[in-house]
Amino acid sequence: MTRPPVSARLGTTRFVTDTIRHIDPSQLRAGSPAARAVIAVCPAGVYREHGEDVVADDAACLECGACLAVVEEGLRWTYPRGGQGVSFRQG
């Protein structure tokens, strides 16, 4: 049995956007090593630089925690409230 590629499996993933943001990158500054690290490591492309700031698209977060593994400070991240966030359907 051949498994579909990751992109196809992620295409069935469902996101329920919480009204309370679960990511706050407001302490990260664009161009800093920490900002470059979270942008590079996020598989969903949640983070991007906007002027001197780093912004996050909470709704696209896969909740893998990779961003937390590469920064020690400047990023506040929690899981969305119960029933909110990502819901994987395959893989």
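The model is predicted.

The fold comes next. Three helices and six strands make up the list of elements. Read from the N terminus, their order is α-β-β-α-β-β-α-β-β. The C-alpha trace spans about 45 × 30 × 20 Å along its principal axes.

Now the contacts and the surface. Among contacts with a separation of 6 or more, 65% join residues 24 or more positions apart. Of the 91 residues, 29% are buried. The protein exposes about 5900 Å². Carbon and sulfur atoms supply 53% of that area.

How many aromatic pairs does a search of the whole structure find? It finds one. The partners are Trp-77 and Tyr-79. Their ring centres are 4.9 Å apart, and their planes meet at 70°. An angle over 60 degrees counts as edge-to-face, so this pair is edge-to-face.

Are the two partners buried or exposed? The table gives the values for each residue.

| Residue | Relative accessibility | Class |
|---|---|---|
| Trp-77 | 11% | buried |
| Tyr-79 | 57% | exposed |

Trp-77 counts as buried because its 11% relative accessibility is under the 20% cut-off. Tyr-79 counts as exposed because its 57% is over 50%. The edge-to-face pair thus joins Trp-77 and Tyr-79, with Trp-77 buried and Tyr-79 exposed.

Notes: Residues are numbered from 1 along each chain as its sequence is written. This is a predicted model: local features need pLDDT of at least 70, side-chain atom pairs count only at pLDDT 80 or more; totals for chains, interfaces and linings use all residues. Side-chain values use heavy atoms; hydrogens and water are left out. Helices (H or I, at least four residues) and strands (E, at least two) are DSSP runs, numbered from the N terminus. Buried means under 20% relative accessible area, exposed over 50%, partly exposed in between (1.4 Å probe, protein chains only). Contact means heavy atoms within 4.5 Å. Accessible areas come from the Shrake-Rupley method with a 1.4 Å probe; for residues, only the protein chains shown count as cover. Rings of Phe, Tyr and Trp (its six-membered ring) pair if their centres lie within 6.5 Å; planes under 30 degrees apart count as stacked, over 60 as edge-to-face and the rest as tilted.
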